[in-house]
Amino acid sequence: MENLIALLVAAPLLGAAVLLCGGRRLDAVGHWIGTVLAAVSFVIGIVLFADMLGKGPEERTLTQHLFTWIPVGDFQAEIGFQLDQLSMTFVLLISGVGSLIHLYSVGYMEHDERRRRFFGYLNLFLAAMLLLVLADNYLLLYVGWEGVGLASYLLIGFWQHKPSAATAAKKAFLVNRVGDMGLSIAIMLMFTTFGTFAFGPVLASTGDASEGMLTAIGLMLLLAACGKSAQVPLQSWLGDAMEGPTPVSALIHAATMVTAGVYLIVRSADIFNASPDAQLVTTVVGAVTLLFGAIVGCAKDDIKKALAGSTMSQIGYMVLAAGLGPIGYVFAIMHLVTHGFFKAGLFLGAGSVMHGMNDEVDMRKYGGLRKYMPITFVTFGLGYLAIIGFPGLSGFFSKDKIIEAAFAKGGTEGWILGSVALLGAAITAYYMTRVMLMTFFGEERWRNQPTASPDEPSAEPAAEHHGAHAEPHPHESPKVMTIPMIVLAVGSVFAGGFFSIGNRFEHWLEPVTGYKHGNPPVSALTVTLSTMVVLVIGAGIAYAQYGRRPVPVVAPRGSLLTRAARRDLLQDDFNHVVLVRGGEHLTRSLVYVDHTLVDGVVNGTAASVGGLSGRLRRLQNGYARSYAVSMFGGAAILIAATLLMRGV
Amino acid sequence: MTTMSQVVNAGFPLLTVTAGLPAVGAIATAAVPAARRTAAKWLALLVSLATLVLAVVILVRFEPGGDRYQLNESHAWIADFGVRYELGVDGIAVALIALTALLIPFVILAGWHDADPLETKSSRWRPTQGFFALILAVEAMVILSFEATDVFLFYIFFEAMLIPMYFLIGGFGDRAHQHGDKAAATQRSYAAVKFLLYNLVGGLIMLAAVIGLYVVAGTFSLSEIADARASGNLDMATGTERWLFLGFFFAFAVKAPLWPLHTWLPNAMGEATAPVAVLITAVVDKVGTFAMLRFCLQLFPEASKWATPVILVLALISIIYGALLAVGQRDIKRLVAYASISHFGFIIMGIFAMTTQGQSGATLYMVNHGISTAALMLVAGFLISRRGSRLIADYGGVQKVAPVLAGTFLIGGLATLSLPGLAPFVSEFLVLVGTFARYPVIGIIATFGIVLAALYTLVLYQRTMTGPVKAEVAEMPDLKLRELVVVAPLIALLIFLGVYPKPVTDIVNPAVQHTMSDVQQKDPQPDVEAAK
Amino acid sequence: MNPVNYLYLAALLFTIGATGVLIRRNAIVVFMCVELMLNACNLAFVAFSRMHGNLDGQIIAFFTMVVAAAEVVVGLAIIVSLFRTRHSASVDDASLMKL
């Protein structure tokens with residue numbers, strides 16, 4: 001069985017290699033090759049899952065050692081896989097949602113001439129992501145970690161001829177690199193502290209290491225997680241990443257890659273458990289991002305960017321839960337899985353809407369679409385209900401557990417974190433209701449509108465092909481796109497309930513992450529009820545603003561907060577002023593210094609040597625007799641010197 | 001094959017032949033009649049491939065676990081001064097000889113048309129022959145300086161390779177700039193003279209140190225001096241050792257190049273044709289870092305330890321400074337040059353971190369940097385030859401018209417930024433971990449280099465390859481077969497060594513262990529005994 | 001006779017030759033003065049040979065003569081061709097090689 005693990009990674013990797021090296025010959029079938037290989041991975045995952053269920057909870061971990069990667073002295077890096085319950089959860093999520101999104105992309109990318117390449121990149125992403133969750137040591141995880149970064153870079157910038165897409169791709173990679181720095185420093189710290197960076201030995205020996213060291217490692221891991229999972233302060237790339245094709249946003253920037261940070265923290269549970277400081281920082285980062293993303297999500301008129309804000313916020317919940325320790329790990333992963341379903345579904349729905357609306361992304365130019373796209377409306381609607389935590393749907397179970405766990409942290413911290421989580425739930429209800437109302441309800445604002453304003457370029461360049469300025473004719477998407485949406489919608493509805501019956505999910509993950517039931521200071525029922533109350537309040541406000549009143553096509557100026565939120569709470573402006581401008585000045589002045597100072601010193605030396613030789617040159621006046629004089633003079637001096645030396 | 005192996009076993013001078021073959025090939029190539037230009041190219045290519053075969057034989061014959069120096073040859077040369085013709089290779093030298101022999105065929109193939117006459121000139125036009133002969137001459141001298149175990153012998157080849165390099169830089173510019181262009185020719189000769197002067201000054205100081213070493217030790221033989229030092233028979237006064245060390249190190253730091261002695265490299269790489277630029281940075285400069293490992297550490301262990309803090313800081317400055325300057329460049333080739341300066345900072349840092357990981361990583365880095373820079377620079381050269389400009393701003397949207405070119409360029413760039421899965425990641429991480437284990441603060445600051453590397457690479461890629469297609473590049477053809485033959489094996493090698501670097505580390509590790517015991521250093525031990 | 005006197009004579013001849021090289025412009029005269037210096041050296045060699053009682057100095061003198069003869073051939077050829085191109089035998093006129 002364990003020999004199958006490598007195949008999980010190998011199948012999509014093969015697909016990527018074939019599709020990217022295969023050339024134009026494969027254009028006709030490339031997308032199906034990609035989809036089938038993704039599905040192969042999923043099937044292998046299912047087989048392994050079935051095998052795992054047949055064993056006792058403590059014997060479920062499979063390992064596979066391929067070969068020694070880097071052997072240098074004590075530094076022994078292995079290529080080895082470890083498949084336990086945590087990895088298994090991810091494998092199923094990644095390959096399952098991944099296969100669905102491959103299928104969806106067959107329809108979505110139908111008119112793109114570079115579709116084969118797109119599927120090559122998607123397969124590359126799957127391989128890297130599976131490697132990330134299957135690695136049995138941190139260095140191999142790092143390979144997957146950067147691999148998904150690369151795939152994300154390639155896919156965000158898939159429409160490279162658009163400068164905005166190319167810039168967004170570069171930004172995503174760079175911000176992620178800052179996080180990667182954290183991961184590499186963490187690995188170095190592990191190596192100097194434990195002499196190894198394999199999961200098993202490191203996590204088993206945390207008891208012997210000093211708490212300060214563990215805090216340092218934990219914080220570095222958290223930095224890495226912040227980069228990949230778009231947490232404050234490294235969140236700025238996620239909004240721009242929406243420049244990529246929508247299936248990419250669904251798969252990479254909602255369901256899987258951005259949750260890698262949560263995986264990293266939960267995987268390193270023992271390190272965080274041993275360091276309360278690192279845990280505290282983790283919860284703070286989660287709580288801050290949770291609000292940050294939610295606020296940004298409220299102000300965006302671009303449907304994908306609103307969803308991106310929401311993703312950020314939901315991952316904030318997961319990070320918050322992961323920071324709570326054993327009372328939260330399980331729920332972080334549970335929310336991660338349910339979120340994978342409903343957020344991927346929401347993005348696919350958004351893609352379907354854009355597909356039918358000439359790739360328009362501005363929600364102010366939507367409205368009343370439920371009549372034209374019934375399947376999209378229903379699936380999107382179910383995703384919407386799931387994310388706001390409507391009782392009985394997936395999001396309800398997972399989010400509610402996180403809020404409970406936050407309160408259960410105890411003390412003032414618990415109250416603060418719990419309240420923030422509750423507030424976040426209210427804002428979530430608000431912005432998601434807003435999205436829902438602006439898109440599917442109200443008047444049909446896309447009719448009789450003036451031509452698209454030039455400063456709002458549509459995200460998808462395909463628009464140019466079928467006339468961006470014509471009035472859109474909203475229509476339902478083809479089956480190949482709606483089927484994945486339906487499957488995901490089913491997941492969004494039932495996954496949470498399925499996991500929660502008899503606390504299945506807790507028992508499933510407990511052997512890996514540990515689980516402790518947290519008791520909130522108030523009863524669980526109170527928490528649930530207050531969640532319901534804030535949900536209704538949030539949704540109600542949104543209804544009052546966007547359901548009962550017509551939505552203006554041109555965005556009103558809005559309050560100071562709205563305007564700041566539209567600009568990602570000014571974080572980008574800060575980056576621009578401090579990092580971009582500052583960096584430009586720094587490099588420019590360094591170029592100047594290199595040219596004038598460093599080079600100048602050497603050139604100055606050369607010039608002074610040149611000047612000296614210019615003087616000396618005058619001695620060479622061309623008169624043979626003066627040369628003879630100097631010869632005789634020199635000989636005389638030499639002889640005199642010799643005589644003097646010997647005479648003395 | 002028995003006969004072959006018998007010949008090899010019976011004192012066959014494999015090392016001499018490996019270096020001699022390109023030397024003879026250089027003369028033969030230069031002697032090809034002027035009209036038979038293409039024959040000269042093929043001859044040079046065949047010679048370089050034959051040298052590659054010999055390098056592979058060395059690789060196979062070398063036993064990693066055996067003696068420190070193997071395949072030794074020793075003959076009296078200038079008996080009065082105790083100068084001997086002594087050759088021998090350790091694992092580090094073997095790896096670098098293999099790299100050199102590997103890259104030269106690609107350099108020749110990439111520069112296939114770089115020295116063609118612009119129009120059919122008189123039949124006496126000979127620079128084509130000269131170009132390829134000079135490349136082979138450089139190869140011979142570089143290989144010999146990797147092989148020499150006599151300090152004086154090494155010095156000779158270390159200096160002699162400047163001569164063919166000078167002519168390669170000064171004599172052959174980008175075809176884009178036309179052979180006859182006055183301004184370009186002036187810049188080129190400025191760059192060539194600068195290259196020559198910098199390295200000559202370094203070499204001169206080294207010569208003084210070489211003579212000083214002879215005065216102190218009474219021999220030029222590396223192994224004798226090292227043995228005498230190890231057994232305590234040769235005591236150098238602390239001051240003497242430090243001065244000698246500085247003399248050697250200065251020359252190597254110029255060649256490497258280390259900040260602030262680096263300014264010749266951007267000029268030389270900017271003005272030279274792309275294959276020659278690869279020759280400079282991927283092959284010739286490696287002699288500098290190689291010599292630090294072999295001569296500085298082995299001959300002057302105490303002085304090396306004494307100088308370590310300063311050198312590490314200089315290396316760190318190189319890393320950050322080179323990367324920042326790369327960000328600010330407008331010229332593609334100069335950008336790659338500054339990136340190389342940053343990478344050489346990593347190599348030197350790894351050498352002087354005095355840990356197994358640092359030094360193995362540094363050696364691996366030399367090999368990987370050679371391959372990755374060759375890939376990036378040669379593709380950049382193909383790009384430049386199509387448009388006739390080195391300025392980044394003159395490009396845009398190339399990806400749309402020449403996707404294969406853009407793809408290979410991206411892979412070269414990703415290798416430069418040390419993406420995991422490609423070879424440079426392994427070496428860079430080893431260097432970082434090796435440095436971090438002993439000097440955590442320097443290790444952490446150096447880690448910023450990986451962010452900056454991503455910045456300059458991706459900015460370069462974005463500005464040249466993405467965005468709307470510029471009118472001037474709209475007709476740009478994609479890579480031709482010859483160019484693909486150059487790039488594809490390099491990329492395959494980058495991936496292979498990224499996934500399975502063990503063949504190289506196995507050869508390098510024992511040599512590094514020797515060096516570590518020369519400097520009497522042990523790796524820092526972890527704080528915690530990890531559970532198994 | 002005291003052989004030292006030959007050395008004095010050699011020194012005198014050498015000085016006369018050197019002075020001639022320095023102050024005369026005519027290439028032929030300079031050339032003859034150089035010969036004079038060479039022969040002064042020869043005289044000194046022979047004198048030393050006599051003083052020390054071995055033949056080394058005499059052998060060196062023969063060598064010097066051979067070299068001097070060769071030098072005369074080359075030197076005269078240069079002077080003649082110089083005169084042909086410049087119509088002057090003055091050494092000061094031949095200054096084309098200076099920077």
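Predicted model: local features only at pLDDT ≥ 70, side-chain atom pairs only at ≥ 80, totals over all residues.
The contact draws on 13 residues from chain C and ten residues from chain A. What about specific pairings? Two residue pairs are in polar contact between chain C and chain A, while the count of salt bridges between them is zero.

While you are in chain C, have a look at helix α3 (residues 56-86), where Val67(C) is found. Is Val67(C) buried or exposed? Its relative accessibility is 53%, so Val67(C) counts as exposed, given that the cut-off for exposed is over 50%. The C-alpha atom of Val67(C) lies 9.8 Å from that of Leu38(C), a residue 29 positions away along the chain.

Now turn to chain B and chain A, where about 5,300 Å² is buried and carbon and sulfur atoms give 70% of the area. Phe429(B), Phe436(B) and Val528(B) supply 11% of what chain B buries here, more than any other three residues. In this contact, 64 residues of chain B touch 58 residues of chain A. One salt bridge links the two chains: the side chains of Lys400(B) and Glu113(A) meet at 3.7 Å, N to O. There are also 15 residue pairs in polar contact across this interface. Helix α19 (residues 440-465) gives the most to the chain B side, with eleven residues, and that side as a whole divides into 40 nonpolar, 18 polar and six charged residues.

Notes:
Residues numbered from 1 in each chain as written. Chains lettered and ligands numbered in written order. Heavy atoms only, no water. Contact = heavy atoms within 4.5 Å. Salt bridge = Lys/Arg side-chain N within 4 Å of Asp/Glu carboxyl O. Polar contact = N/O pair within 3.5 Å; in protein donor to acceptor, adjacent residues only side chain to side chain. Helix = DSSP H or I, 4+ residues; strand = E, 2+ residues; numbered from the N terminus. Buried < 20%, exposed > 50% of the residue type's maximum accessible area, 1.4 Å probe, protein only. Buried area = accessible area lost by both parts, 1.4 Å probe. Nonpolar A, V, L, I, M, F, W, Y, C, P; charged D, E, K, R; others polar.
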